[in-house]
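Me: Hello! Could you walk me through this structure, one question at a time?

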Amino acid sequence: MVRKCRHAEHDLGANEAAVQKILAKTETPLSAYDIIPLMSKQMGHTVAPVTVYRALQHLTYHGLVTRIESKNAYILCKHPGETHDCLFFICRECGSAMEAPDNKISRLLRQEAGTIGFDINKQILEIVGLCKNCARKHVPAPKPTKAS
């Protein structure tokens with residue numbers, strides 16, 4: 001089954017709105033424990049882990065946040081309200097996660113699964129490598145050439 005983002009048409013609670021605001025400020029997935037001190041500062045009081053977990057659960061259920069499985073961290077969904085699978089490119093250097101803009105790979109995997117009679121329930125792909133900014137830092141210096 002393709003994941004359907006259920007964009008919440010209702011007002012978010014204060015906790016959900018605070019978590020959403022925090023996640024909107026970063027391209028790096030954040031764990032609940034990354035969010036707790038940021039939310040505590042934003043709210044002006046100590047926030048319990050269960051408060052953050054409930055907010056993340058609510059936001060995830062409504063398709064506003066996606067969990068990056070390998071990092072046990074969360075990022076805002078770039079396509080709320082659209083039916084799609086999740087494909088993320090995660091930078092091993094800076095930790096940023098970019099959601100793929102196209103679903104060609106997802107369609108191909110679903111087609112292959114159908115060929116062998118496999119029914120995909122949930123598809124979250126995480127590709128680890130280097131983002132373009134970090135890749136530039138890792139470009140090897142050109143080898144010196146011998147002068148004639």
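This is a predicted model: local features need pLDDT of at least 70, side-chain atom pairs count only at pLDDT 80 or more; totals for chains, interfaces and linings use all residues.

Me: How are α1 and α2 oriented to each other: roughly parallel, roughly antiparallel, roughly perpendicular or oblique?

Reply: Residues are numbered from 1 along each chain as its sequence is written, and side-chain values use heavy atoms, with hydrogens and water left out. Helix α1 (residues 14–24) and helix α2 (residues 32–43) pack with their axes 10 Å apart, at an angle of about 115°; axes are lines fitted to C-alpha atoms, for helices over the stretch in contact, and angles run from 0 to 180 degrees between N-to-C directions. Under 35 degrees counts as roughly parallel, over 145 as roughly antiparallel, 65 to 115 as roughly perpendicular and the rest as oblique, so α1 and α2 are roughly perpendicular.

Me: Which residue classes make up the contact of α1 with α2, and in what numbers?

Reply: Contact here means heavy atoms within 4.5 Å. From α1 come N15, A18, V19, K21, I22 and L23, and from α2 come I35, L38, M39, Q42 and M43. For the classes, Ala, Val, Leu, Ile, Met, Phe, Trp, Tyr, Cys and Pro count as nonpolar, Asp, Glu, Lys and Arg as charged, and the others, Gly among them, as polar. That divides the residues of this contact into eight nonpolar, two polar and one charged.

Me: What is the handedness of the crossing where α2 passes α3?

Reply: The axes of α2 and helix α3 (residues 49–61) come within 9 Å and cross at roughly 110°, so these helices are roughly perpendicular. A crossing is left-handed if the near helix is turned anticlockwise from the far one by less than a right angle, and right-handed if clockwise. For α2 passing α3, the crossing is right-handed.

Me: How many nonpolar residues does the contact of α2 with α3 have?

Reply: On the α2 side, the contact is made by A32, Y33, I35, I36 and M39, and on the α3 side by P49, T51, V52, Y53 and L56. Charged residues are absent and one residue is polar. The nonpolar count is nine.

Me: Which two residues form the salt bridge?

Reply: Side chains of opposite charge can pair when their charged atoms come close. A salt bridge is a side-chain nitrogen of Lys or Arg within 4 Å of a carboxyl oxygen of Asp or Glu, and a search of the whole structure finds one. Its N to O distance is 2.6 Å, and the partners are R67 and E69.

Me: Are R67 and E69 buried, partly exposed or exposed?

Reply: Buried means under 20% relative accessible area, exposed over 50%, and partly exposed in between (1.4 Å probe, protein chains only). R67 has a relative accessible area of 26%, and E69 has 33%. Both R67 and E69 are therefore partly exposed.

Me: Is E99 buried or exposed?

Reply: E99 lies in strand β4 (residues 97–99). Leaving aside neighbours within four places in sequence, E99 is in contact with C77, K78, H79, H84, D85, C86, L87 and F88. With a relative accessible area of 12%, E99 is buried.

Me: Which residues does M98 touch, leaving aside neighbours within four places in sequence?

Reply: M98 is also placed in strand β4. M98 is partly exposed, at 32% relative accessible area. The residues in contact with M98 are L87, F88, F89 and C131.

Me: How far apart in space are C131 and C94, C-alpha to C-alpha?

Reply: C131 is found in the loop between β5 (124–129) and α5 (132–137), and C131 is buried, with a relative accessible area of 10%. Beyond four places in sequence, the contacts of C131 are C91, C94, S96 and M98. C131 and C94 are 37 residues apart in sequence, while in space their C-alpha atoms are apart by 8.2 Å.

Key:
Helices (H or I, at least four residues) and strands (E, at least two) are DSSP runs, numbered from the N terminus.
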